[in-house]
Amino acid sequence: MKQNLQRLFIALLAMMMMPIGNYSLVFAQDIAEAKWGTSASELPNSGTLAEAISAAGVEGSTVKYIQLQKDLNKEGAVTIDQGVFTLDLNGQTISSSDNYTLNIREKEVEEGEESQETQVTLTDNSTEGKGKVVCSLDAASAVVVSNNAEVIIENGTYEAATAVGVRPSGSAIIKGGVFHTDSLAYHCISNSGTLLVNGGHFDAEHATSCISCSNGITTITQGTFISGTRGAFAYYGGTLDLSKYTFEANKPLRLLNGVENHELTSATISLPKDYCF
């Protein structure tokens, strides 16, 4: 009986590996987390996302493109602290139970050592455009950029209490994408570094505001904004440049002044033509 069961198991295993037309059934091999290479059309390497990021972070690396291959739910944040490359969500979702999902920052080095540039472009080149970066933890961020690093967001969806957090000495350029928060006391984007918004859809209907400015440099030229309970933008410090943004005709601009006993003036906030405080 035991020998018959062994033969049956071997036969089933052989059947699982048999080619069917031009395909083979391979159940033992899992789908890689990511592929990577020099460009979107040249991705010869596959493995974990951590391996891909490590390969792109090596000094002089030719790895400039990383493409996700499946949904990822990480226990900790995915840290990117070296390299200049594109991370293509490819219609997949990456999530984390940490305080943030993507932690983009320049690597700290010993005194006398030179740090490498850290610049990550986030995009979603899938046909359906369903790629997401999410973080469900309270008071968390989907993406955080700090410590002289830069993130460029071309598209994709970003959901968290704060979808994107730009810390002091961090930099973000937003060209497109969807940014969403449902957390009452938070904002789609929180900036205390350098932020340039050239596009994107920002939904803060059930939150405080779309963009929070805190002691950083914030420039907004384009984008669509679903205002939060306190307005489209919240000003807590720094400079806010809205001079090149065209708002809907005859629609008031709601701007939250979060600085107690501080009068909003053109010295720190540049308004569009025909707008005044």
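Start by selecting strand E5, residues 65-68: 4 bridges join strand E3 to E5, and the two run antiparallel. Strands here are DSSP runs of E, at least two residues long, numbered from the N terminus, and two of them pair if DSSP finds at least two bridges between them.

Before you click on, a word about what you're looking at. This is a predicted model, where local features need pLDDT of at least 70 and side-chain atom pairs count only at pLDDT 80 or more, while totals for chains, interfaces and linings use all residues. Residues are numbered from 1 along each chain as its sequence is written, and side-chain values use heavy atoms, with hydrogens and water left out.

**Stop one: around E3**

Pick alanine 34 and look across to E5: its bridge partner there is leucine 68. Now select residues 34-37, which make up E3, together with residues 45-47, which make up strand E4. These two strands pair in the antiparallel sense over 3 bridges. Which residue of E4 is the bridge partner of tryptophan 36? Select asparagine 45 and you have found it.

**Stop two: the salt bridges**

Time to show some side chains. A salt bridge here is a side-chain nitrogen of Lys or Arg within 4 Å of a carboxyl oxygen of Asp or Glu. By this rule the count is 4, and we'll visit some of them.

Select glutamate 33 and lysine 74, whose side chains meet in a salt bridge at 3.2 Å, N to O. Glutamate 33 sits in the loop between strand E2 (23-24) and E3, and lysine 74 is in strand E6 (residues 72-74), so the pair ties together parts that are 41 residues apart in sequence. Is glutamate 33 buried or exposed? Glutamate 33 counts as buried, at 16% relative accessibility. Lysine 74 is partly exposed, with a relative accessible area of 24%. For these words, buried means under 20% relative accessible area, exposed over 50%, and partly exposed in between (1.4 Å probe, protein chains only).

Next, select glutamate 159 and lysine 132. Their side chains meet in a salt bridge at 3.9 Å, N to O. This pair links distant parts of the chain, 27 residues apart: glutamate 159 belongs to strand E15 (residues 157-159) and lysine 132 to strand E12 (residues 132-135). Glutamate 159 is partly exposed at 27%, and lysine 132 counts as partly exposed at 30%.

**Last stop: arginine 105**

Finish with arginine 105, which forms a salt bridge with glutamate 108; the closest N and O atoms are 3.4 Å apart. Color the two by accessibility: arginine 105 counts as partly exposed at 22%, whereas glutamate 108 is exposed at 59%.
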